[in-house]
Amino acid sequence: MSKLIHSLSKHKLIIATLTGVTIGISCGLSLKNYYSGGTWSQRDIMYLKFPGEMFLRMVNCLILPLVTSSIVSATCNLTRSGPIGLMALCYYLMTTTIGITLCVILVENIRPGELIRNEGAQVVSTSTKTFMTVDTILDLIRNLLPDNLVHACMYQYQTVLEQPANASVPIEEWPITSEYVAGTNVLGLVFYSLVIGLAIGKIGATGKPLSDFFNSLAEIMMKIMKWVTLMAPVGVLFLIAGRILEIDDFGDVMSHLGFYILTVFTGLILQGFVILPLLYWIIMRKSPYKIISKLGPTFATAIGTSSSTATVPYTLRCLEELGINPKITKFIIPIGAAINLDGIALYETVGAIFIIQLRGLQFSLLRIIIISITCTVSCVGAAGIPSGGYMMLIMVLNSIGVPVEDVTLIIAVDWFIDRFRTTINIIGDAFGASIISHFCEKDLEEDLENEMCPLETNASDTLMKVHSNKEN
């Protein structure tokens with residue numbers, strides 16, 4: 001009994017958050033039938049979601065200083081972060097490629113779009129193309145190197161093609177303009193945080209005060225985030241109840257999109273609990289489920305907030321309890337939260353092919369692969385955009401000339417799927433940190449020796465000066 005009480009006390013936040021999720025779903029479904037004369041008004045739903053909105057506002061406010069300070073402080077302490085960063089990039093590319101391949105296999109075999117079309121769903125045959133794939137890739141590079149860091153905290157760059165009056169003009173000849181879309185440019189801020197951290201580490205003792213500042217700021221942000229997440233159970237309850245009330249007919253949506261949801265969840269489960277653990281076991285020869293079992297607080301936060309960046313402090317704490325070097329985790333986890341978005345890439349690929357099948361369009365395998373790569377590339381910058389998953393999906397569909405009206409079907413269940421695809425991102429980041437920490441132990445030992453050498457040099461210099469003074 002004492003062990004049970006200790007376990008419940010240790011995981012009380014997980015239990016409270018999951019309880020909030022359960023009560024939120026129950027309240028949402030119960031309140032949906034409360035008014036006998038109609039549906040809930042938008043204002044009533046706004047009142048109901050207000051506590052949850054306050055919770056999300058506080059979380060979003062802390063994400064930017066938390067991620068940037070963690071990356072800078074970790075990079076300062078990793079003078080050999082070049083190989084570590086390259087290893088992280090290779091790992092992320094490998095896991096994302098595996099996930100995308102899995103999605104294409106699943107969606108081409110289950111074919112959820114054709115199943116819905118056969119049920120008599122009406123689709124519009126019109127097709128528009130207002131983006132080009134190359135523009136999406138070039139915008140990714142532009143956002144990697146923003147021209148104004150303050151502006152990058154609030155907006156992302158996006159190319160816009162203006163359709164001329166003459167509809168016969170090919171899209172390659174349309175006038176090109178640009179606009180800034182609301183949403184933090186996480187990719188650019190991560191890049192500059194890496195550069196600043198590397199520069200501080202290279203100048204040695206001169207940069208020590210600035211390194212200490214970012215270390216302190218990272219610790220402070222994690223402490224504040226810990227306080228804020230204590231509100232998660234209450235915030236989640238009101239957010240989920242409000243989202244359920246916003247859906248006109250929850251049962252109808254689930255029945256029409258059942259095969260689509262089944263395809264997405266099959267991909268997420270296989271990627272997060274079969275393929276990634278198998279990859280971890282092949283590389284490390286250790287049980288991957290030991291790490292997954294320790295990520296309970298992170299999963300609870302992910303289900304409550306559906307934000308990878310909001311789970312960063314919990315992931316760091318869980319991995320440190322497993323004995324993984326904190327220098328590696330503070331470097332890998334914030335970067336992974338920004339660019340390692342396996343869940344969103346999987347969701348976008350399934351969503352794009354689902355809508356193509358729903359429209360009855362016939363695409364070759366090569367074109368499907370190109371669409372999958374476009375989805376993956378577009379996801380890299382989606383972390384800072386509110387509802388970034390389906391916003392990026394709309395852009396991808398526009399770039400290949402597929403009508404985007406049916407995206408509204410996916411949006412109806414996006415809030416539900418988003419919470420689970422966030423957990424897949426977390427699992428991938430945790431495995432990546434463990435693998436990289438294992439292979440970089442020698443580099444970390446050399447870094448520790450280098451940090452000790454200046455102290456020894458200073459001590460010997462002091463002794464020499466004292467001896468010289470005595471001789472004089």
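A salt bridge here is a side-chain nitrogen of Lys or Arg within 4 Å of a carboxyl oxygen of Asp or Glu. Keep that in mind as you open the model, which is predicted: local features need pLDDT of at least 70, side-chain atom pairs count only at pLDDT 80 or more, and totals for chains, interfaces and linings use all residues. Residues are numbered from 1 along each chain as its sequence is written, and side-chain values use heavy atoms, with hydrogens and water left out.

**Stop 1: salt bridges**

The structure holds 4 salt bridges. Start by selecting K208 and D212, whose closest N and O atoms are 3.1 Å apart. Why are K208 and D212 separated by about one helical turn? Because they are 4 residues apart in helix α9, residues 208–229. (Helices, H or I of at least four residues, and strands, E of at least two, are DSSP runs numbered from the N terminus.) K208 has 47% relative accessibility, so it counts as partly exposed; buried means under 20% relative accessible area, exposed over 50%, and partly exposed in between, with a 1.4 Å probe and protein chains only. D212 is partly exposed too, with a relative accessible area of 33%.

E219 is partly exposed at 43% relative accessibility.

Next, pick R111 and E108, which form a salt bridge with 2.8 Å between the closest N and O atoms. R111 is partly exposed at 24% relative accessibility, and E108 is partly exposed at 29%.

**Stop 2: annotated segments**

Colour the stretches that the unreviewed UniProt entry annotates as "transmembrane region": 12–35, 55–74, 86–107, 180–203, 224–245, 257–283, 365–385 and 391–417. UniProt positions are given in the numbering used here, feature names are shortened, and annotations may be inferred rather than shown by experiment. Zoom in on residues 86–107, where the chain is 100% helix and 0% strand, with the end C-alpha atoms 32 Å apart. Then try residues 224–245, which are 91% helix and 0% strand, again with 32 Å between the end C-alpha atoms.

**Stop 3: rings**

A search of the whole structure finds 7 aromatic pairs. Select F191 and Y192: their ring centres are 5.6 Å apart and their planes lie at 80°, so the pair is edge-to-face. For this, rings of Phe, Tyr and Trp (its six-membered ring) pair if their centres lie within 6.5 Å; planes under 30 degrees apart count as stacked, over 60 as edge-to-face and the rest as tilted. F191 is partly exposed at 29% relative accessible area, and Y192 is partly exposed at 25% relative accessibility.

Move on to W281, where R285 lies over the ring face at 4.4 Å from the ring centre. A charge sits over a ring if NZ of Lys or CZ of Arg is within 6 Å of the ring centre and within 35 degrees of the ring normal.

**Stop 4: a patch and a buried leucine**

Show the surface of V134, I137, L138 and I141, which make a nonpolar patch of about 320 Å². Patches are made of residues with over 30% relative accessible area and no salt bridge, joining like charges within 9 Å and nonpolar side chains (Val, Leu, Ile, Met, Phe, Trp, Tyr) within 5 Å; accessible areas come from the Shrake-Rupley method with a 1.4 Å probe, and for residues only the protein chains shown count as cover. I141 belongs to helix α6, residues 133–144, and is partly exposed at 47% relative accessibility.

Finish at L346 in helix α17, residues 342–358. Is L346 buried or exposed? At 1% relative accessibility, L346 counts as buried. Draw a distance from L346 to S372: their C-alpha atoms are separated by 8.8 Å, while the residues are 26 apart along the chain.
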